[in-house]
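Here are some questions and answers for a reader who is meeting this structure for the first time. Please look at the sequence and the model together while reading.

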Amino acid sequence: MISIQSLRFTLVGTAMAAFAVPVLAQETIKIGVSEPLTGSVAASGTYVTNGARLAAEVINRKGGVLGKKIELVIEDNKSNPREAVNSAEKLILKDKVPVLMGAWSSTFTLAVMPKLMEYGVPMVVETASSGKITTAGNPWIFRISPTSAMEASAFSKKLAGMSPAIKKVDFLSVNNDWGLGAAAAFKKTFEDNGITVGRTETMAPDATDLSAQLAALKGTGADTLIVTSGIEQLTLAIRQAGEQRLPQRIITTGGSFPEPLLTSPGPKGYASQHLLFFAPWEPQRAVYPEVAKEFSDAWTERKYDLPGQTEGFRGYDAILTIVEAIRIAGKAEPAAIRDALWKVKVKGVNGDIAFVKEGPAGKESGQNEPSVYIVELKDGKVAVK
Amino acid sequence: MDQFLQHLVNGLVTGSTYALLGIGLTLIFGIMKVVNMAHGELYTLGAYAAYGFVALLGVNYFAAIFLSALFGLAVGAVIEYLLLRRRNLAAMDEVMLIMIGVMIVLQNAELLVWGGVAKAVPSPFSQEPIVMGGVSVSPTRVFVLGTAVVLLVSFYMLIEKSRLGLAMRATFQDKDAAKIVGVNVSRIYTLTFALGSCLAAVAGALLAPVFVVSPTMGDLASLKAFAIVILGGLGNLLGATLGGFALALIEEFGAGYISTAYRDAIGFLVILVVMVARPQGLFTKKERVG
Amino acid sequence: MNALRSSPLLFAACVLALALLPVLWPDPYMLSVVASAGIFIIAAISLNLLLGFTGQLSLGHVAFFGIGAYTSALLSLGFDLELPGLAQALVVTPKPVWVAFGGGIFVAGLFGWLIGKLAFRVRGAYFVIVTISFAQVMRMVAINWVDLTEGPMALNNIPPLTLWLPGAGTIDLVSKSSAYWLVLAVAVVSYLLVAALVHSRVGRAMVALRENETLARSIGVTVTDYLRIAAIGAAAIGGAAGGLYAHTVRIIDPDVFMFMFTITMVIMVIVGGKGTLAGPVVGGLLFGLVPELLRGRLTPEVQWMLYGVLMIVILVFMPRGIVPALTRRRKARPAVVQPVARMAGDTR
């Protein structure tokens with residue numbers, strides 16, 4: 001089951017990495033992947049990587065690109081910005097990949113960006129949401145995931161449908177670029193909509209005991225608590241909030257889904273809501289259902305956990321995007337791929353993927369605009385709103 | 001102030017497991033003078049054992065705790081027998097480094113087998129918190145507190161009232177004299193290490209459904225266990241128990257009233273302060289340590 | 001231990017060979033790997049001063065590494081800090097890297113002095129725990145004092161190394177080769193410094209107190225003074241390693257204080273041979289280069305298990321480490337005596 005699968009992944013990953021020794025370089029087109037496979041956000045990183053692997057398989061089954069098969073060279077950035085830089089350097093200098101996908105978290109991605117400029121290699125950003133990434137003036141960055149500002153704006157359109165209505169909001173965020181950036185973006189949106197902003201608490205990325213923060217949030221009088229973090233911390237936060245009987249309704253952002261709560265739910269009747277970018281429970285609501293279905297089928301065929309699709313699709317869409325760019329470029333070279341990325345129009349699991357210019361003039365990065373879903377989790381059951 | 005009771009309850013629950021961790025280490029540290037850097041790994045092992053039994057083998061949670069305890073006992077005995085038995089334990093730094101080696105091997109073995117993604121252990125208790133006044137606590141945590149207290153008391157009985165406990169205390173006081181009166185010191189050492197590891201494993205199994213199980217959870221546990229042992233005084237069982245509760249309460253109130261961020265740092269600050277002010281621990285008589 | 005002293009020719013030859021490496025094999029990735037190993041070797045040399053020569057098992061050594069790294073990075077990036085009691089924020093403008101590097105060494109040495117004052121009041125296992133706690137507290141501070149250290153968001157865009165030469169001014173060392181040469185230079189300097197210290201009167205006093213502290217004290221060796229010198233020296237060199245790290249990797253986050261780095265340095269020193277000059281170098285090369293060779297062939301978990309097993313095996317069969325085991329045949333009398341334990345308890 002899960003442990004056997006992780007052994008299998010390790011073996012496959014090792015085998016793939018072993019083959020990355022540049023002897024057979026002419027036979028495949030390499031794509032570098034830097035994701036957190038261990039450490040505090042390993043769950044999400046593993047899902048994204050699996051999604052990427054599935055895309056590679058699906059594409060290779062259809063013949064690959066430019067007559068060659070694609071090969072993913074996967075490096076673990078250990079949920080750590082320094083390792084992210086090391087892994088990117090290794091991929092660029094040693095494996096000589098012409099294009100990268102990564103690095104999951106905003107902090108890791110920001111860390112890698114100077115190296116992209118230094119070596120001139122483009123990277124498709126699949127999850128990170130901090131606004132800084134596309135406004136830093138780095139022309140080698142192309143992001144398919146939404147910024148926190150976009151997420152907040154998409155959410156603001158659903159505010160009217162929330163019942164009971166949101167009047168006062170607290171925040172519990174992981175204290176890195178992503179969490180703090182999301183809190184700032186959502187705060188602004190709420191204030192623009194006349195909603196009061198209450199208390200903000202933060203948590204270290206690897207903290208497991210959140211009772212102190214939750215106790216502080218208990219008596220604030222807010223009706224909603226926005227929580228931003230990865231799967232593990234969302235699970236802990238929701239569970240512990242239920243234990244302490246926090247009155248606020250919980251809404252999580254960032255696209256992660258606390259799936260451990262499906263098997264060990266919180267207290268009865270306790271519900272939490274989650275902003276996702278893909279809802280695998282109702283794939284027919286995707287913009288391109290046939291693409292979503294191809295992804296879903298490949299995923300379930302491998303017996304991965306269903307809720308993992310909420311993040312796995314990011315890796316999938318990223319690889320689809322990269323391969324399309326390689327096809328348009330006609331060759332697997334960094335500068336050509338970068339130019340081709342501007343011309344990409346892909347039907348992804350999340351919807352249309354195309355890049356618009358964002359950032360200081362002359363050095364823009366590419367940004368895509370995706371769809372947002374709200375999903376409710378109650379007593380171990382999921383409902384897509 | 002309404003949160004005071006809540007913090008108190010939270011602190012007591014955590015404190016009971018800290019006490020288990022601390023007692024296990026103070027035994028090993030006090031009797032065998034082994035700086036057991038792998039103590040946290042036994043804690044992790046207990047948690048993963050519980051996960052394995054409950055989630056993969058479908059064993060009842062309470063049985064899983066018992067099995068994890070046995071597992072911890074066995075692993076502890078094996079480590080002691082293989083690596084420590086024939087060594088000159090007086091070479092403390094070498095022994096400590098061996099234990100570091102054990103820690104590395106165990107932690108990476110767990111990473112290899114279970115992967116880096118944290119695991120959740122389903123709790124057999126309902127998730128409805130028990131609410132009394134302004135305080136709400138989950139049944140799981142109440143169970144943890146209860147079990148830990150029972151274990152602490154039984155352990156105390158073992159040490160103070162039984163023949164085995166007498167032999168252990170004798171060995172602690174003066175190893176050679178104990179040998180002279182017929183205590184099999186080698187066997188006591190094995191048993192001590194095994195018991196200490198067993199307690200750590202139980203602490204891990206108890207806390208597994210409260211938090212999540214990950215391969216690196218032992219790092220912090222190890223370091224906090226050392227903090228507790230320092231607080232309570234080396235080899236002082238009562239001191240370790242009180243030290244465990246003390247550390248948990250300091251952490252809880254510190255996090256609640258001063259700063260949530262520095263929660264885990266408090267333990268280490270405590271160590272530094274105690275070392276400067278009263279190196280032999282808060283609960284021991286004065287003795288030379290430097 | 002005296003093998004290399006008795007053949008300065010061998011030493012010079014090694015240094016020359018290493019210096020020619022970028023010329024003979026200019027692969028930038030390989031150079032960065034060797035430079036990285038070199039940085040750890042410098043840290044191991046500094047740890048060896050405390051661990052090997054004075055016999056104090058300090059397991060918080062990574063703290064000095066991290067302090068050096070953060071100090072150097074912050075000074076070269078410039079920062080502003082709001083301190084309670086100051087009406088205006090304290091502003092520090094970015095300094096040239098070589099100045100920041102020096103600053104890192106200085107601040108690390110300062111902390112070494114501080115720890116020396118506090119930690120050496122206790123011995124043995126207590127000392128170990130105090131040093132571990134110190135490193136953990138530094139880590140917590142790095143994570144939480146976000147105003148200064150950026151916490152988990154990491155200090156990014158740290159400028160690369162620069163060298164100041166009289167006449168030439170400040171030179172940027174951006175290429176992998178020049179960074180490599182600087183690391184090599186610092187490593188050689190550290191090695192020679194430690195060697196000089198060890199062979200001086202101070203060094204002999206340190207060895208005396210390592211062998212038998214009570215006896216040393218009785219003949220008038222002012223133990224705490226010498227321990228303090230060792231602590232400051234070790235901390236300063238460790239800080240230098242940290243500074244080099246900050247400017248080659250160019251991003252640091254609180255994980256630089258991870259216990260695992262201390263363990264890595266300890267493994268290097270123990271396996272190589274503590275109390276020997278060449279030990280940390282051998283250990284450092286081994287544990288710096290082997291992971292790269294094994295990368296992709298064995299997963300990191302399996303690699304670390306191998307290192308753990310290797311460490312245990314060496315501690316059981318070759319407790320003095322590799323270098324003494326190799327040089328033992330050359331010497332008539334036994335190398336060095338086992339340190340006497342602090343606590344009650346002896347052979348079984």
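Two residues are taken to be in contact when heavy atoms of theirs lie within 4.5 Å. The model is a predicted one.

Q: How many residues of chain B are in contact with chain C?
A: Contact is counted here from heavy atoms within 4.5 Å. On the side of chain C the count is 51 residues, and on the side of chain B the number in contact is 51.

Q: Which side chains meet in a salt bridge between chain A and chain B?
A: Chain A brings 33 residues into contact with 35 residues of chain B, and the two chains bury about 2600 Å² between them, with 55% of it on carbon and sulfur atoms. The count of salt bridges between chain A and chain B is one. At a distance of 3.3 Å from N to O, the side chains that meet are those of A:Glu243 and B:Arg141.

Q: By about how much of the helix are A:Asp192 and A:Lys188 separated?
A: A search of the whole structure finds 17 salt bridges over all chains, and the side chains of A:Asp192 and A:Lys188 meet in a salt bridge at 3.2 Å, N to O. Because A:Asp192 and A:Lys188 are four residues apart in helix 7 (residues 177-192) of chain A, their separation is about one helical turn.

Q: Are helix 2 of chain C and helix 7 of chain C roughly parallel or oblique to each other?
A: Helix 2 (residues 28-53) and helix 7 (residues 176-198) of chain C have axes 9 Å apart and pack at an angle of about 15 degrees. Angles under 35 degrees count as roughly parallel. Helix 2 of chain C and helix 7 of chain C are therefore roughly parallel.

Q: How many charged residues has the contact of helix 2 of chain C with helix 7 of chain C?
A: Helix 2 of chain C passes helix 7 of chain C in a left-handed crossing. Among the residues that meet are C:Gly38 and C:Ile42 in helix 2 of chain C, and C:Val183 and C:Ala187 in helix 7 of chain C. By class, this contact has 17 nonpolar and four polar residues, and the number of charged residues is one.

Q: Is helix 2 of chain B oblique or roughly parallel to helix 8 of chain B?
A: Helix 2 (residues 39-56) and helix 8 (residues 185-207) of chain B pack with their axes 6 Å apart, at an angle of about 50 degrees. That angle makes the orientation of helix 2 of chain B to helix 8 of chain B oblique.

Q: How many nonpolar residues are in the contact of helix 2 of chain B with helix 8 of chain B?
A: Helix 2 of chain B passes helix 8 of chain B in a right-handed crossing. The residues that meet include B:Gly46 and B:Ala50 in helix 2 of chain B, and B:Gly196 and B:Ala200 in helix 8 of chain B. Of the residues in this contact, five are polar and no charged residue is present, while the number of nonpolar residues is nine.

How values were computed:
Residues are numbered from 1 along each chain as its sequence is written. Chains are lettered from A and ligands numbered from 1 in the order in which they are written. This is a predicted model: local features need pLDDT of at least 70, side-chain atom pairs count only at pLDDT 80 or more; totals for chains, interfaces and linings use all residues. Side-chain values use heavy atoms; hydrogens and water are left out. Axes are lines fitted to C-alpha atoms, for helices over the stretch in contact, and angles run from 0 to 180 degrees between N-to-C directions. Helices (H or I, at least four residues) and strands (E, at least two) are DSSP runs, numbered from the N terminus. Angles under 35 degrees count as roughly parallel, over 145 as roughly antiparallel, 65 to 115 as roughly perpendicular and the rest as oblique. A crossing is left-handed if the near helix is turned anticlockwise from the far one by less than a right angle, and right-handed if clockwise. Ala, Val, Leu, Ile, Met, Phe, Trp, Tyr, Cys and Pro count as nonpolar, Asp, Glu, Lys and Arg as charged, and the others, Gly among them, as polar. Buried area is the accessible area (1.4 Å probe) that two parts lose on being put together, summed over both. A salt bridge is a side-chain nitrogen of Lys or Arg within 4 Å of a carboxyl oxygen of Asp or Glu.
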